[in-house]
Amino acid sequence: MKGRPFCQRLERVFAETPLVHASRTDRFLIVSDLHLGDGGSHDDFRPNAEIFRTVLERFYLPRGYRLILNGDIEELQRFPMERIVRRWQPIYRLFEAFAAQNGLYRIVGNHDRTLASLAAPPGGAKAFPALKLEFDRNIIFIFHGHQATLLMDRFNLLCGLVLRYIANPIGIKNYARSHRSKVRFQTERRVYGFSRDRKIVSLIGHTHRPLFESLSPLDALQFKIEQLCREYARSGRNAQGQLAGAIRACQSELSYWLTMNRAEASRGSLYNRDLLVPCLFNTGAVIGKQGFTALEIDRGLINLAQWTEPQKSPAAAGAGWRRPAEPLEGSDYCRIVLKQEQLDYIFARIKLLA
Ligand SMILES: [Mn+2]
C-alpha cells in the first residue's frame with residue numbers, strides 16, 4: 001500500500017500535523033459533517049439544528065469538553081459562506097463559546113476545504129488539515145477522511161451534478177448509489193490499512209457511517225447477538241428467559257440500523273479477511289436521520305454516543321443488554337452510549353495485534 005498516491009497524501013498530512021498533548025483528565029467531543037446551509041429546504045443541517053445546539057450547549061459545554069469539528073461543517077459546494085453565517089448565528093455563537101471557555105479545533109473536509117486559507121474563519125478557530133492527540137506516546141490522528149479517496153470523490157461529485165441537472169434515468173441513479181457505497185468502502189479500507197501499519201488510531205468522518213474499533217454498529221450488533229446466543233446455550237432456565245429478551249432487543253436494533261443504512265445490508269464486515277485491529281473510528285454525521293452520533297473522549301475512555309428522541313430509537317429501550325438512555329434534563333432528547341472502551345485497552349490491542 002505504501003507509495004500509492006493516497007498513502008503519500010495521508011503520510012504528508014500526518015507528518016505536517018503538530019502534536020497536541022492530552023492527558024487522562026481531558027474531555028473532547030468530536031463531531032463531523034454538519035453541512036450547514038442557508039436554512040432553506042435544501043439545507044441538510046436544518047432537521048437536526050435544534051438537537052445539536054441544545055445538546056452541545058447544555059451537555060458538553062458545561063462539562064468542560066473541548067470541541068473538535070472534524071470537517072464538512074459548512075456546505076460550501078452549494079451555499080455561499082455569508083448566507084450560511086447569517087442563517088446559523090446561534091451555532092457560530094456556540095462555537096465561539098467553546099473557543100472561549102473550553103477550546104475549539106477546526107479541521108477541514110472536502111465541502112469546506114477553502115476555509116484553510118482564511119486566517120480566522122467564523123466560529124473563532126483557524127482550520128487545519130488534521131489534528132494529532134497524543135496520550136503517553138499513543139496517537140489519535142483526527143482528519144476528515146476524504147484524503148484517502150480524493151479522485152473518486154471528485155468523480156462522485158461530477159456524477160451527482162450530472163444526476164441533478166442533466167440525466168435522471170433509473171439506471172444512472174442506481175449506478176451513482178453503488179458508486180458512493182464503493183467510495184465509502186474504499187475510504188474505510190484505506191484509512192484502516194494506514195492506521196494499522198502505523199499502529200495509531202485514526203478518527204475520521206466523511207462517510208457518514210459511525211465506526212467504533214473498526215466496526216460499524218451493524219457489525220458490533222451481529223457479534224453481540226452471537227455472544228448472547230453462546231451465553232444462552234450455557235445458561236440455566238432462569239437466565240435464558242432474560243437472554244432471549246436481550247437477543248430480541250438486539251435483533252430489533254439490528255433491523256433499525258439496517259433500515260438506516262440500506263447500502264450496508266447487502267454486504268458483510270469490511271475486515272473479515274484479517275484479524276481485526278481496533279484502529280479506525282468514525283463519528284458518523286450530525287445530519288443523521290434520527291438525531292446524531294458523536295465520539296467522546298472522556299477522561300481515559302472513548303464513547304460512541306447517539307443523541308436522539310427516546311421514541312425514535314429502539315436502542316433507547318436498552319432491554320437489559322445495554323445501559324438505558326439518559327435523558328437530558330429540560331429537553332426531549334436523550335443520550336445513548338452505543339459503545340464504550342478504555343483508551344489504554346485500545347492502544348494495547350493495537351500494539352499487540354497490528
Ligand atoms: Mn466529506
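Axes are lines fitted to C-alpha atoms, for helices over the stretch in contact, and angles run from 0 to 180 degrees between N-to-C directions.

The model is predicted, so local features need pLDDT of at least 70 and side-chain atom pairs count only at pLDDT 80 or more, whereas totals for chains, interfaces and linings use all residues. Residues are numbered from 1 along each chain as its sequence is written, and side-chain values use heavy atoms, with hydrogens and water left out.

**The five-stranded sheet**

Next, select the open sheet with the order E1-E6-E7-E8-E9 and mixed pairing; two strands pair if DSSP finds at least two bridges between them. Strand E1 (19–21) and strand E9 (280–282) each have a single partner strand, so one side of each lacks a neighbour in the sheet. From one strand to the next, the twist averages 25°. Strands E7 (residues 138–143) and E8 (residues 201–204) are parallel, joined over three bridges; here isoleucine 142 has leucine 203 in E8 as its bridge partner.

**The nonpolar cores**

Now display the largest nonpolar core, a set of 56 residues. Such a core comprises buried Ala, Val, Leu, Ile, Met, Phe, Trp, Tyr and Cys residues joined through side-chain atoms within 4.5 Å, where buried means under 20% relative accessible area (1.4 Å probe, protein chains only). Among the residues touching the most other members are Leu133, Phe135 and Ile142. Helix H8 (residues 237–260) gives the most to this core, with seven residues. Centre on phenylalanine 135: its contacts include Phe28, Ile140, Ile297, Leu343 and Phe347, not counting residues up to four places away in sequence. A second, separate core of 42 residues includes Leu36, Ile84, Val85 and Phe95.

**The eight-stranded sheet**

Move to the open sheet ordered E5-E4-E3-E2-E10-E11-E13-E12, again with mixed pairing. At its edges stand E5 (127–128) and E12 (326–327). E12 pairs with E13 (residues 334–342) in the antiparallel sense over two bridges, and proline 327 stands opposite cysteine 334 in E13.

**Confidence**

Finally, colour by pLDDT, the predictor's confidence in each residue, from 0 to 100. The chain's mean is 87, and 85% of its residues reach 70 or more. Over residues 167–171 the pLDDT is below 50.

How values were computed
Helices (H or I, at least four residues) and strands (E, at least two) are DSSP runs, numbered from the N terminus. Buried means under 20% relative accessible area, exposed over 50%, partly exposed in between (1.4 Å probe, protein chains only). Contact means heavy atoms within 4.5 Å.
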